[in-house]
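The sequence and structure come first, followed by the points grouped by topic.

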Amino acid sequence: MTSKADIDRYIADAEAKAVAWLHKAWDWLKSVGRSLWARARALPRWLQGIIAMIVLLIGALLLFLAQPNWNWARPFVSSIASGKLHRPVTIDGNLRVHLFSFMPSATVGGLKVGQPDWGAKAGLKPYLAEVDSIGVTAELMPLFIGHIVLPRLQIDRPDVVLYQDKDGRANWDFSDGKNTGQSTKLPPIRNFIINDGHLTLTSVQRKMTFTGTVNAHETADAGGQAFALTGDGSLNDRKFALNATGGPLLNVRTSVPYPFEMAVQAGETRITAKGRVLHPFDLGQLGGTVSVSGRDLADLYYLTGLTLPNTPAYRISANVTRKNRVYDIAGINGRVGGSDLEGTLKVDTSRNNRPYLTGDLRSRRLDFKDLGSLVGATSANTPQGASVSATPTATTTARRLLPDSTLDIERVRGMDAKVRYRALAVKASSSLPLREVSLGVNLDHGLLILDPVEFSFPQGRLQGMARIDARNAVQQNSVDMRLTGLRVQDFLPNVSGSKPLEGVLDARLKATGTGNSVHKAAASANGQLTIVMPRGTIRQSFAELMGVNATKGLFQLLTKDPHQTDIRCAVADLQVRNGQMRTTTAIFDTGVTRVNGNGQINLNDESMKLVFKGKPKKFRLIHVTAPIVVGGHLSAPKLGVDPGPAVLQGGLAVALNTILPFVNLDYARDANCAGLLSEAQAKGAPTTGKVAAKKAIASPIGQ
């Protein structure tokens with residue numbers, strides 16, 4: 001790095017060359033002057049007098065401008081600066097100018113830059129910036145071709161107060177309001193010095209306060225950096241600290257990148273950057289490596305202005321390049337929760353300074369539980385699993401399955417996005433054999449569309465879209481999901497060496513609701529859920545027990561009879577009105593029994609009560625009338641039986657002293673499966689027609 005002595009030698013050489021050039025110019029002027037004087041003597045005397053007067057006036061003006069005291073020009077200079085900055089500018093100190101030099105220089109004392117027009121209404125202090133002194137030196141020759149080159153710029157004791165209101169208006173925006181967000185671009189400065197600078201930043205929109213100091217010296221001292229911006233404050237009510245350093249701003253060339261390092265801490269969020277200003281003093285051209293870690297990606301909103309999803313703890317690095325208003329984020333690599341993450345992103349702020357996020361992200365292996373954070377789910381929303389209970393009723397202390405975390409509407413309205421995410425493999429539980437996940441995010445002025453939403457299984461696919469309209473005061477939500485060709489046996493454990501139930505499941509969910517959380521949207525939902533199993537097989541022992549056939553069902557279960565019976569069809573149609581989900585059709589028809597169901601699920605308090613009554617299709621010696629009941633909550637279902645009808649059977653048997661009340665005399669008929677499936681199709685449910693059903697191995701005992 002060049003020293004101050006080198007700079008002084010450079011200036012001395014330039015002045016020596018300038019003196020030699022002046023000597024030559026003086027000789028040329030003398031020869032031209034002699035020629036002009038000879039011609040002037042031939043002019044009339046009155047014209048000679050006018051010319052002489054003009055020459056004297058020009059000489060007087062040059063002598064006047066040559067004196068360094070330019071205090072008389074302070075109002076004129078302040079007026080020009082006010083027009084350029086679109087706010088009042090005053091000079092209370094001395095204005096000193098050395099104009100006639102190959103290195104013209106000026107010193108401004110007591111410079112004060114006021115607030116924009118809206119600043120007074122916002123209650124801001126009178127001045128955005130107060131500077132004790134600014135000294136600037138420029139090269140003369142580049143000025144003649146419209147370029148500004150500053151060999152030296154020194155700012156002493158600047159005190160800058162920056163403010164941004166809740167709508168994003170910033171007092172450091174010096175545009176006329178038509179073209180906001182332009183990057184700062186300064187002319188080339190070979191020697192930039194800042195002494196004892198103070199910076200205060202308050203952002204209501206970002207919930208940030210910051211107080212810091214800034215210094216830029218010619219050389220590093222005490223092992224530190226020549227440029228340093230350090231300070232602390234708060235961000236979203238959490239401790240905030242910033243430390244930015246760089247090399248000496250001495251003999252800086254626009255063709256040589258200027259290196260810098262930065263470290264930011266905001267609560268649990270950590271950001272480190274090691275980058276370069278590609279063309280020094282043009283802050284619209286930056287590049288470097290950035291590493292960021294924290295508790296939740298959504299917390300980065302206060303630092304970046306980007307609306308990111310809620311996530312588990314993360315650690316990510318990337319290469320970031322700024323080209324004016326476009327930020328390219330390439331080589332993303334890291335982990336979010338238990339999932340890896342890689343890909344590219346781009347942020348374009350050229351449209352009225354409104355962020356537009358685009359990109360393609362992917363995970364080689366997604367930890368499925370990390371997806372819950374996207375909809376605000378926490379450990380409190382984890383299902384507890386089903387249980388068997390003698391009293392399968394809902395309790396008031398059950399945890400919620402549907403998250404209550406709200407969507408920040410103002411953030412959603414503040415940016416646009418089009419991002420695609422893919423997971424090539426998924427880590428999930430053995431009861432959820434998920435293979436791949438694909439999500440598309442489209443956000444346009446408060447309208448958020450998730451399309452596609454796609455989950456792939458070993459066989460079968462869940463796909464659809466969700467729409468969240470946050471453009472108005474009341475958030476409108478809709479969802480349309482289709483489940484096609486799902487192989488049920490992939491989700492069931494083996495029982496006695498084989499699957500107790502096999503078949504293909506199809507379903508369609510279409511619903512709308514209002515509210516800024518999953519729970520609120522569900523609690524106000526209207527729509528329909530249709531579930532279809534067009535064919536399959538079931539362990540005959542389970543089918544008999546669904547009909548509560550105590551003799552054959554228990555015998556087959558206890559003897560681990562592997563024989564099966566066909567599932568002719570299974571159809572469930574549930575209507576949703578104001579968050580109440582009620583069955584209109586629920587039929588499970590097998591070769592030996594037919595089960596009809598009814599009940600409801602309250603999506604507000606998440607309580608449920610579903611009753612399934614089975615009836616055998618053939619004579620059974622003992623048939624207990626005891627409907628199966630599914631109750632409890634969505635997060636913790638409880639399975640049991642309703643003993644009331646069975647008690648009545650028992651009472652009759654005692655009264656009559658016979659087992660006739662338990663003998664099955666009322667047989668079920670086959671359901672109209674073709675009609676049920678056709679009706680389900682008419683309601684929009686997909687029905688898989690090309691997957692061959694496994695043929696049941698019927699029991700030879702009591703067909």
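**Backbone geometry**

Pro 452 sits in strand S22, which spans residues 447–456. The peptide bond between Asp 451 and Pro 452 is cis, with omega at about 5°. The model is a predicted one. Further points follow by topic.

- Asn 324 is a residue other than glycine with a positive phi, near 60°.
- The loop between strand S13 (314–323) and strand S14 (326–336) holds Asn 324.
- Asn 324 has a relative accessibility of 39% and therefore counts as partly exposed.
- His 445, also not a glycine, has a positive phi of about 50°.
- His 445 is placed in the loop between strand S21 (436–444) and S22.
- With a relative accessible area of 46%, His 445 is partly exposed.

**Cavities**

- The structure has two cavities of 30 Å³ or more.
- The volume of the largest cavity is about 60 Å³.
- Its lining consists of Leu 235, Asn 236, Arg 238, Ala 266, Thr 269, Asp 299, Tyr 302 and Leu 303.
- By class, the lining of the largest cavity has four nonpolar, two polar and two charged residues.
- The second largest cavity has a volume of about 50 Å³.
- Thr 530, Val 571, Asp 573, Thr 585, Leu 676, Glu 679, Ala 680 and Lys 683 form the lining of the second largest cavity.
- At least two lining residues of the second largest cavity come from each of strand S28 (564–577) and helix H11 (673–682).
- H11 gives the largest share of that lining, three residues.
- Three nonpolar, two polar and three charged residues make up the lining of the second largest cavity.

**Salt bridges**

- Over the whole structure, 22 salt bridges are found.
- Glu 268 and Arg 295 form a salt bridge through their side chains, at 3.9 Å from N to O.
- Glu 268 is in the loop between strand S10 (258–266) and strand S11 (269–277), and Arg 295 is in the loop between strand S12 (285–294) and helix H5 (301–304), so this pair ties together parts 27 residues apart in sequence.
- Both partners are partly exposed: Glu 268 has a relative accessible area of 47%, and Arg 295 has 38% relative accessibility.
- A network of salt bridges links Arg 238, Glu 268, Arg 295 and Asp 299. Arg 238 and Asp 299 are also among the lining residues of the largest cavity.
- Arg 508 and Asp 480 meet in a salt bridge between side chains, at 2.7 Å from N to O.
- This pair links distant parts of the chain, with Arg 508 in strand S25 (residues 501–514) and Asp 480 in strand S24 (residues 476–487), 28 residues apart.
- Arg 508 has a relative accessible area of 9% and is therefore buried.
- The side chains of Arg 568 and Asp 589 form a salt bridge at 2.3 Å, N to O.
- Arg 568 belongs to strand S28 and Asp 589 to strand S29 (residues 580–590), so the pair ties together parts that are 21 residues apart in sequence.
- Arg 568 is partly exposed, with a relative accessible area of 31%, whereas Asp 589 is buried at 0%.

**Surface patch**

- Phe 76, Val 77 and Ile 80 make a nonpolar surface patch of about 280 Å².
- Of these, Val 77 is in helix H3 (residues 74–85).
- Val 77 counts as partly exposed, at 33% relative accessibility.

Methods: Residues numbered from 1 in each chain as written. Predicted model: local features only at pLDDT ≥ 70, side-chain atom pairs only at ≥ 80, totals over all residues. Heavy atoms only, no water. 1 Å grid on protein atoms, 1.4 Å probe; cavity = no way out; pocket = protein on both sides within 12 Å on 5 of 7 lines; lining within 4 Å. Points joined across faces, edges and corners; volume = space filled by probe spheres on them. Nonpolar A, V, L, I, M, F, W, Y, C, P; charged D, E, K, R; others polar. Helix = DSSP H or I, 4+ residues; strand = E, 2+ residues; numbered from the N terminus. Patch = residues over 30% accessible without salt bridge, like charges linked within 9 Å, V, L, I, M, F, W, Y side chains within 5 Å. Areas by Shrake-Rupley, 256 points an atom, 1.4 Å probe, with all protein chains shown as cover. Salt bridge = Lys/Arg side-chain N within 4 Å of Asp/Glu carboxyl O. Buried < 20%, exposed > 50% of the residue type's maximum accessible area, 1.4 Å probe, protein only.
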